[in-house]
Amino acid sequence: MSTAPAFGPRDSKPSQPDRPKPKPALIFDDPLDQQSADDTDRGWGERAPAGGSAADLARFLDEKPPHHI
């Protein structure tokens, strides 16, 4: 008796190999044409513009350096 697998008609066809996954499409857009978060005031932690002189004065007083008190 042999322990090797017996080849028969059911093994005559090789199993279908796994199909390779399609590669993602290449995108040739220029990334510098898009605005990043760092290009905006909000990206740098700035507040949204509130408008009005009272809001400007409040911002000035909030952001005044300590040596200008």
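Of the 69 residues in the protein chain, 0% count as buried, a term that means under 20% relative accessible area, while exposed means over 50% and partly exposed lies in between (1.4 Å probe, protein chains only). This is a predicted model, in which local features need pLDDT of at least 70 and side-chain atom pairs count only at pLDDT 80 or more, whereas totals for chains, interfaces and linings use all residues. Residues are numbered from 1 along each chain as its sequence is written, and side-chain values use heavy atoms, with hydrogens and water left out.

**Chain and helix**
- The protein chain exposes about 7600 Å², of which carbon and sulfur atoms supply 57%, with accessible areas taken from the Shrake-Rupley method.
- The protein chain has 1 helix and 0 strands, where helices (H or I, at least four residues) and strands (E, at least two) are DSSP runs numbered from the N terminus.
- Leu57 lies in helix 1, which covers residues 53–63.

**Salt bridge**
- Arg59 forms a salt bridge (a side-chain nitrogen of Lys or Arg within 4 Å of a carboxyl oxygen of Asp or Glu) with Glu63, and their closest N and O atoms are 3.3 Å apart.
- Because Arg59 and Glu63 are 4 residues apart in helix 1, about one helical turn separates them.
- Arg59 counts as partly exposed at 36% relative accessibility, and Glu63 counts as partly exposed at 47%.

Terms used:
Accessible areas come from the Shrake-Rupley method with a 1.4 Å probe; for residues, only the protein chains shown count as cover.
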